Amino acid sequence: MNIEIDSGSGFCFGVTTAIRKAEEELTTHRQLYCLGDIVHNERECERLAALGLEMIDHEAFRSLHDARVLLRAHGEPPSTYATARQQEVHLIDATCPVVLQLQRRIRSTYEEHPDAQIVIYGKPGHAEVLGLVGQTEGHARVIAERSEADTLDYSRDIYLFSQTTKPLEGFQRLVAHIQQHILPPARFEYFDTICRQVANRLPGVRSFAQRHDVIIFVCGQKSSNGRVLFNACLKENPRSHMVDDPRTIQPEWFEGAESVGICGATSTPKWLMEQCRERILTFS
């Protein structure tokens, strides 16, 4: 079988930077905490934990004192920084620059238009979204689907933003829906804040899935981006399988196949896709 690893898959810039910062810190400090999983991939988290990185939740974070804590690429709300100051916690801020710019834009819009509806197209409860909502003191509305837009007050101004990793098509549908329903003189403004490095992977993975008989999509169970990309693969190629561990790959998946494509999410390490390739080679 011909086995190809998608060159467009793997860590995005923000995740790569966060992991590099963690590795650098661990060479000079014996103890380093990370607020939440540094990346939504269990195997990569296990690798970094073996180096000394300890993942903690917000409750544990609030009990720390005089410690070093890494903030992952997803970003954090202002309350996290306030807690760090109170607890004398040193932060290594690895917030993705794209997310950081979006946070600042949302905060500026909220301060300039306190009576308007700040709406975020995103997944409720997602780490990045929590950081974005925090810029508005919790007042922003989070909408995951176009149908949820019917709960908005179209007689009031609306300012729409997007989680950086949401699909561009979904955002465009939401924009069109609000444009059709806004009631002048209420204003509607939207800001396309989707990361193109992530958004461009959708057409790329669709094309990749079409080129192979079987697709192995490597992704952690917690990755929202991964589920979107895998569903795109599955739509193009019904012989697509999502795995988070090479050991779960089954030989019967490849019966009659001449070509296999291995791809993954923005949270999938290259080394894990390579391990999947090695696993598949044992079947031939």
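**Cavity and pockets**

Author: By class, seven nonpolar, two polar and two charged residues line the largest cavity. Please note that this is a predicted model.

Reader: Which residues are those?

Author: The lining consists of Thr165, Lys166, Pro167, Leu168, Glu169, Val198, Ala199, Leu202, Asn225, Val228 and Leu229.

Reader: And which element gives the most to that lining?

Author: That is α10, with three residues. At least two residues each come from α7 (168-181), α8 (196-199) and α10 (224-236).

Reader: How much space lies in the largest cavity?

Author: About 80 Å³. One cavity of 30 Å³ or more is found in a search of the whole structure.

Reader: Turning to pockets, what volume does the largest pocket have?

Author: Its volume is about 540 Å³. The largest pocket has 22 lining residues, and Tyr121, Glu145, Lys166, Pro167 and Val228 are the ones nearest its centre. Two or more lining residues come from each of α7, α9 (201-210) and α10, and α10 gives the most, with eight.

Reader: What is the make-up of that lining by class?

Author: The lining of the largest pocket has 10 charged, six polar and six nonpolar residues.

Reader: And the second largest pocket, what is its volume?

Author: The second largest pocket has a volume of about 360 Å³. It is lined by 26 residues, with Cys12, Val15, His74, Thr165 and Thr266 closest to its centre.

Reader: How many of its lining residues are charged?

Author: One is charged, while 13 are polar and 12 nonpolar. The elements α1 (13-28), α5 (97-112), α8 and α10 each supply at least two residues of this lining.

Notes. Residues numbered from 1 in each chain as written. Predicted model: local features only at pLDDT ≥ 70, side-chain atom pairs only at ≥ 80, totals over all residues. Heavy atoms only, no water. 1 Å grid on protein atoms, 1.4 Å probe; cavity = no way out; pocket = protein on both sides within 12 Å on 5 of 7 lines; lining within 4 Å. Points joined across faces, edges and corners; volume = space filled by probe spheres on them. Helix = DSSP H or I, 4+ residues; strand = E, 2+ residues; numbered from the N terminus. Nonpolar A, V, L, I, M, F, W, Y, C, P; charged D, E, K, R; others polar.
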